[in-house]
Amino acid sequence: MSQSSDKHETAPTASVPSRIGVVVHPARDIDEPLKALRDWSAEHRAAIVQIALPGQERRVAEEGDAADCDLLVAIGGDGTMLAAIRAAAVAGRPALGVASGSLGALAGVTLTDVATALDRFSRGDWTPRRLPALEIKFDSGESQFAINDVAIIRAGGGQVRTTAILDGTLFARVAGDGCIVSTPVGSSAYSLSAGGPLLTLDTYAFLLTPLPVHGGFCPPLVADGDATLELDFAIGYGGVRLEVDGQVSVTEVGSMTIRLRDGVATAVRFDDQEPFITGLRRRQIILDSPRILAEDARQRPIIKNS
């Protein structure tokens, strides 16, 4: 396979951000991390602006452009971080995820570590995690990109008939509920819940995961990162829904060509953050066999009350 999309570059030079763009969860309690961000910014004379994005009706600062910021900070969960990464990718800026709730695959800084994380970023004590993206070209000529995944899902009755061609070779023709194409980061999201395989973040590849099919057999496909996937759709009377990184797109679905582009976005990562797979186990996305857990429980010493 080609060079990994998760290879860490040399740590950047020290630089205190003068302007920080913030993206926040629409509903979660964000008071503690937001206060920490504001306190740190006031101490270091850094301006805070809120990045104007769809779904950002919750106002916490004056609106600003991601391109005018040195760093984007997402406060929420992985969905919030994903929105920040998309904005940061377009602007060529790094994004830092602060978890307001459980730590995720992307939002890896805890509520109490906000100031420490910003100090480390300013010292250059971080590594850029370069993330790939799916480049999606529609037959209309329109292009989009996805950091996580693109999903084509039947919106009502009828079927979605999908023809999948990989590097010019027919892979499958299926009738069913649609399909998902995902990056390694996105492999632990919608694709995994639909029965697709899990890719480690240093795997330079992307996935095609069929949603439930109506007869026949079409296994999930792991495609080399340099491959080209062509998808052609015939839509049933109930219509179809196109989701790009979890957001519904109004683009008409007919045919599309998908390739993996390396190094599209940059997420801030610290060397002492937990590994990707450890995070999946902690969040119980990966679960051990009940038989093994029962054996572990039997081997634990029994503590009797005195």
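User: Leaving aside neighbours within four places in sequence, which residues is V174 in contact with?

Analyst: Contact means heavy atoms within 4.5 Å. By that rule, and with neighbours within four places in sequence set aside, V174 is in contact with V160, R161, T162, V213 and C218. V174 is found in strand β10; helices (H or I, at least four residues) and strands (E, at least two) are DSSP runs, numbered from the N terminus.

User: Is V174 buried or exposed?

Analyst: Buried means under 20% relative accessible area, exposed over 50%, and partly exposed in between (1.4 Å probe, protein chains only). V174 counts as buried because its relative accessibility is 14%.

User: On what basis are such values given, and how confident is the predictor?

Analyst: This is a predicted model, in which local features need pLDDT of at least 70 and side-chain atom pairs count only at pLDDT 80 or more, while totals for chains, interfaces and linings use all residues. Residues are numbered from 1 along each chain as its sequence is written, and side-chain values use heavy atoms, with hydrogens and water left out. pLDDT is the predictor's confidence in each residue, from 0 to 100. The mean pLDDT of the protein chain is 92, and 95% of its residues reach 70 or more. Over residues 1-8, however, pLDDT stays under 50; for this stretch the model has 28 contacts beyond four places in sequence.

User: How many cavities of 30 Å³ or more are there, and what lines the largest cavity?

Analyst: On a 1 Å grid over the protein atoms alone, a cavity is a set of points where a 1.4 Å probe fits but cannot get out; a pocket is an open set with protein on both sides within 12 Å along at least five of seven lines; lining residues have an atom within 4 Å of a point. Grid points are joined across faces, edges and corners, and a volume is the space filled by probe spheres set on the points. The count comes to 1 cavity of 30 Å³ or more, and the volume of the largest cavity is about 50 Å³. Its lining consists of T162, A164, F171, A172, V174, C179, L208, P210 and C218. Two or more lining residues come from each of β9 (160-166), β10 (169-176) and β12 (205-210), and β10 gives the most, with 3 residues.

User: What is the class make-up of that lining?

Analyst: Ala, Val, Leu, Ile, Met, Phe, Trp, Tyr, Cys and Pro count as nonpolar, Asp, Glu, Lys and Arg as charged, and the others, Gly among them, as polar. The lining of the largest cavity has 8 nonpolar, 1 polar and no charged residues.

User: Where is the largest pocket, in terms of the elements that line it?

Analyst: The largest pocket has a volume of about 820 Å³. It is lined by 33 residues, of which G79, L82, A83, D245 and Q247 are the closest to its centre. The elements giving two or more residues to this lining are β1 (19-24), α2 (78-91), β15 (240-244) and β16 (247-249). The largest share, 8 residues, comes from α2. By class, the lining of the largest pocket divides into 16 nonpolar, 11 polar and 6 charged residues.

User: What of the second largest pocket?

Analyst: Its volume is about 260 Å³. Among its 21 lining residues, G104, A105, G108, R129 and Q273 are the closest to the centre. The lining of the second largest pocket has 12 nonpolar, 5 polar and 4 charged residues.

User: How many salt bridges does a search of the whole structure find?

Analyst: Side chains of opposite charge can pair when their charged atoms come close. A salt bridge is a side-chain nitrogen of Lys or Arg within 4 Å of a carboxyl oxygen of Asp or Glu. The search finds 11 salt bridges. One of them joins the side chains of D272 and R120 (3.1 Å, N to O). D272 lies in the loop between β17 and α5 and R120 in helix α3 (residues 114-123), so this pair ties together parts 152 residues apart in sequence. D272 counts as exposed at 59% relative accessibility, whereas R120 is buried at 15%.
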